[in-house]
Amino acid sequence: MKSGKSTLAAWLHRLDAEDLEQLLAARPDAVSPPEPRSVSELAERLQRPGSVALALPRLPLPVLQAAEALAALSAPASPDVLADLLDATEDEAAYGLEAALRTLSTHALVWPDSEGKLHMAAPLRQAWDTPLGVDQPLATLLKDTTSEELRRMLTALGVRPPGTRPQRLATLLEHHSDPARVAAVVARAPADARKLLERRADPAYRPQTFVLFGGQSAPEPGARWALERGLLVQGRYSYGPVRMPAEVTLALRGPGWHAPFDPAPPVTLLVPVAPAEVDGEASAAATSFAAHAASVLSVCATTPPARLKSGGVGARELARIGKAARCEEAVVRLTLETAYEAGLMARDGDRVAPTDAYDTWAESEPAARLPVLLHAWWTLGLTPSQARDDDNKALPAVAGTPSCAGCLQARQGLLTAASRLPAGQGAKNTAELGPLTHWSRPLAEELPQDTTPFATVIREAELLGVLARGALSPIGAALLADSTEELAAACRRLLPDATATARFGGDLTAVVTGTPAARLVTLLDSVADRETSGTASVWRFSPASVRRALDAGRSPDSIEADLTAVAANPLPQPLSYLIMDTARSHGRVRIASAACVVHGEEPALLAEIAAHRKLSKLGLRHLAPTVLISRTPLEKTLAALRAEGYAPVAETADGTVRVERPRSHRVTAPVPPPRRAVGGPGARSRTTAAPEQAEPAALAARLAGAPLAHPDPCNGVPFATDTEEIIAGHATELSHADVRQLAHAVDDGTAVTIEYVAATGSRTIRTVSGLELDPPYLYAWCHLRDAERVFTLSRIHGVMPPT
């Protein structure tokens, strides 16, 4: 890239506004505020290793294959040579390669120079240690070789060496760049050397190093002959591994060897499926999940699940919640993780409890509830229903599953793959979407628990109604388009309104079809026990459930009136009798705390209680015909009497009946603790706010008309802000573009990701926020450590928008 024509900035400068807009949309991290002021600054951002790393997982298989082949050729390379290597010179493969190169150009990972040769972003080449099993080019491996060593190599090859080192290196490079010459030299090699070279050129070759005393590698038979001719290269003084230059490897593999290239997606067996069938199945799945999610979170609101010491909700609590909500563990995990991500639940000491946002969510319609969980699922950096780790150990839920960017790509790849199916067609078996997902996102994470590729993610998509009948549903299409409006509209169309009425049966049940309204759920949960939930929910009334309502201060008349108000049919007589019979026995016995005292108006009833064998452990004795005294505390005495079928009530200290209302535990959504005020009382608290992105069209128009490079402050131009000048004076490892981004994060209080080199020399990537500048230090809240940290500005080697 010595010529200005071959640089990324020069290529960007030649693009029109429309092409620039496509590029900016494909690489949004590169245009985060402060927006680049020139194409040179944009090129600098696009070639950050972190930015390239963000772009790679979104690329399909043929694009990555083309990039790896280009890396093996050591760009700049001719498109024709690349096509020969990939065997993509005709028909579909040629079109596939053209499309792959177009995609790489749109992402500014590969670009052509004025002569048509393809150049590659340096971090992209570094994505592979040995692309296609090919090492570095000869020029790189020989950069420390002396002129005399080059002379001996050329002489051994039978080539007359020129006079200077650059001339000798150029002559050797020219010789080894001709596959026919290299093949001819190897054909004349001794048998040991020829076998060694052919073995090392094999794509399946894995080097084995034998180390002798002193740290030197034992030379393999024939290695010396190859080293003397530059067919193999070793470090100075015969130290380090023996390496084969890329030119020699490709020449020995011969013109008949081609790198793998799959321009066409894998064949998927399809069946006709009508849009109405997709909508119907998606509606049923989404409605069922919305109902189950409401049940799961209702259970958690009543009894917040306990957290393990290691973090997350354990298997025992998951089983308890699943049993109470009548749903499988995968649904419980999916609900808890998405609710936690959406802010409906938060950590509260040793428990995970609903937040205030949960109450608003629970009172809304199902069509408004589901998008909250769907959006959280779409953006999660983990697979919610993953139950096992790589060692087949059970994983806890709620942030207990390891975070992984590949899991996010698996969801995006699945929906992208499903969107490519022909209209009116669906996969005959949803398992066949796995290979198609791999083709769309080859870097996506596959879980060890999956018996078929991406089985867990596919199952989650089906549970949520994102996939239906092997095709992408309207909900899935809205998620893929990342459109909040489309997602809300799809949920409104597919999910019915909440049901506000119940049908009561003579068998003391209440049946609600569809998703019950929040007020109906609250009423039925207070007076009956839920047996099933899903597309239809069933509650069963019993003396214990009615007594629970009476204990909460309800009267029998108000219970019957409230049930009548929500009944789709007249209340059956058995239910009315149950309410009245339970009410008649309710409160006949009263318990007061002394340690405690049991008293009532019926001496015979108290005598029966005192003589009850199973209540003997309470230590009851008569104090008067209508008074018993107990050695057991009030709460345990109350529970024991109720367990034996009695219906006592508790009294307060003034003798009135104690009303037992279930307490709703709520936890406040986590608020970052205030940071130490480095700059005084006005110092900012930490924030995770991400900077707002510029409009690609407007920014592309400005860049298309901007100069190639903006005046650099290093050349006497004043800095835009004092913060930039201070950071530039201390963070000497940062480019001007990185200085601008870090200064913007300090001034605007936004989060930013930095590459930091510790005093030990170890490199770490940290997302930090709440930045306070105190040269030569930067105080910030570290998201990795969840604590405040101090960073030395001179040790910051890179800056990126928050990932």
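Five strands make up an open sheet in the order β21-β20-β19-β18-β22, with antiparallel pairing, where two strands pair if DSSP finds at least two bridges between them, and where helices (H or I, at least four residues) and strands (E, at least two) are DSSP runs numbered from the N terminus. The model is predicted, with local features requiring pLDDT of at least 70 and side-chain atom pairs counting only at pLDDT 80 or more, while totals for chains, interfaces and linings use all residues. Residues are numbered from 1 along each chain as its sequence is written, and side-chain values use heavy atoms, with hydrogens and water left out.

**The sheet and its helix**

- Because β21 (787-792) and β22 (796-800) stand at the edges with a single partner strand each, one side of each is left without a neighbour in the sheet.
- Neighbouring strands of this sheet are turned by 45° against each other on average, direction ignored; axes are lines fitted to C-alpha atoms, for helices over the stretch in contact, and angles run from 0 to 180 degrees between N-to-C directions.
- Strands β18 (residues 752-757) and β19 (residues 763-774) pair in the antiparallel sense over six bridges, and Ile754 stands opposite Arg766 in β19.
- Helix α34 (residues 736-748) packs on the sheet, where it touches β18, β19, β20 (777-782) and β22, and its direction makes about 70° with that of β22; contact means heavy atoms within 4.5 Å.

**Nonpolar cores**

- The largest nonpolar core has 65 residues, of which Leu336, Leu374, Val466 and Ile475 touch the most other members; such a core is a set of buried Ala, Val, Leu, Ile, Met, Phe, Trp, Tyr and Cys residues joined through side-chain atoms within 4.5 Å.
- Helix α16 gives the most to this core, with eleven residues.
- Apart from this core lies another, of 54 residues, among them Leu20, Leu59, Trp111 and Trp128.
- Leaving aside residues up to four places away in sequence, the contacts of Val466 include Leu374, Trp377, Leu415 and Ile475.

**Helix α19**

- Tyr358, Trp361 and Ala362 are buried in helix α19 (residues 356-363), buried meaning under 20% relative accessible area, exposed over 50% and partly exposed in between (1.4 Å probe, protein chains only).
- The face of α19 turned away from its buried side carries the exposed residues Thr360 and Glu363.
- The cover over the buried residues of α19 includes α16 (275-302), β5 (351-354), α20 (366-379) and α26 (518-527).

**Salt bridges**

- The whole structure holds 26 salt bridges, each being a side-chain nitrogen of Lys or Arg within 4 Å of a carboxyl oxygen of Asp or Glu.
- Arg493 forms a salt bridge with Asp279, the closest N and O atoms being 2.9 Å apart; Arg493 lies in helix α25 (residues 484-494) and Asp279 in helix α16, so the pair ties together parts that are 214 residues apart in sequence.
- Glu329 and Arg333 form a salt bridge with their closest N and O atoms 2.9 Å apart, and both lie in helix α18 (residues 329-341), four residues apart, about one turn of the helix.
- Glu329 counts as partly exposed at 37% relative accessibility, whereas Arg333 counts as buried at 3%.
- Asp551 forms a salt bridge with Arg642, the closest N and O atoms being 3.0 Å apart, and both residues are buried.
- Salt bridges that share partners join Glu41, Arg45, Glu724 and Arg740 into one network.
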